[in-house]
Amino acid sequence: MSQSFDFAHAPGHLIRRAQQIAVSVFAERMSSFGVTPVQFAVLNALMDTPGIDQVTLSGRVAFDAATSGSVIGRLESKGWIRREADAKDRRRKLLWLTRQGERATLKMKPEVTLVQTQILDPLDADEQKRLMELLLKLVKAQSSN
């Protein structure tokens, strides 16, 4: 009889499990804000690039442009994002944080930093550094394909 595939040691499975853990830690620590990791990524990116268009923003946070509309819509309904059509191209939507959105994002940032620390906490400092280097290498290599 043949053996099944060893998912417990497969890179894809372990990355998926690590992502599940990261999202769970984020959800637990950020529950009072009512945001997902993708929503925070959008808010954070808008702090750096106010007036960015929706498609470029989706690429910046590595999220599907079609689905990002609903994420942006939820943030807009909270009063945290303002969306306007570009005067030069009405099909293009430009985005800004509102004052309320900026205040909320600034309040979230320390908690998000703690989330990252908690995720890496089981590793010592050298392991944390190496894991981050390897993850960046993996993402960069796969993103260029």
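**View 1. Asp53, Asp86 and Arg92 are linked in a network of salt bridges.** A salt bridge here is a side-chain nitrogen of Lys or Arg within 4 Å of a carboxyl oxygen of Asp or Glu. The model is predicted: local features need pLDDT of at least 70, side-chain atom pairs count only at pLDDT 80 or more, and totals for chains, interfaces and linings use all residues. Residues are numbered from 1 along each chain as its sequence is written, and side-chain values use heavy atoms, with hydrogens and water left out. Between Arg92 and Asp86, the N to O distance is 2.5 Å. For Arg92 and Asp53, the closest N and O atoms are 3.3 Å apart. Arg92 lies in the loop between β2 (81-85) and β3 (93-97) and Asp53 in strand β1 (residues 52-53), so this pair ties together parts that are 39 residues apart in sequence. Strands are DSSP runs of E with at least two residues, and helices are runs of H or I with at least four, numbered from the N terminus. Asp53 is buried, at 9% relative accessible area (buried is under 20%, exposed over 50%, partly exposed in between, with a 1.4 Å probe and protein chains only).

**View 2. Lys129 forms a salt bridge with Glu133.** The closest N and O atoms are 3.6 Å apart. Both residues belong to helix α6 (residues 125-143), where being four residues apart separates them by about one helical turn. Lys129 is exposed, at 55% relative accessibility, whereas Glu133 is partly exposed, at 34%.

**View 3. Buried residues of helix α2 are shown.** In α2, Gln39, Phe40, Val42, Leu43, Ala45 and Leu46 are buried.
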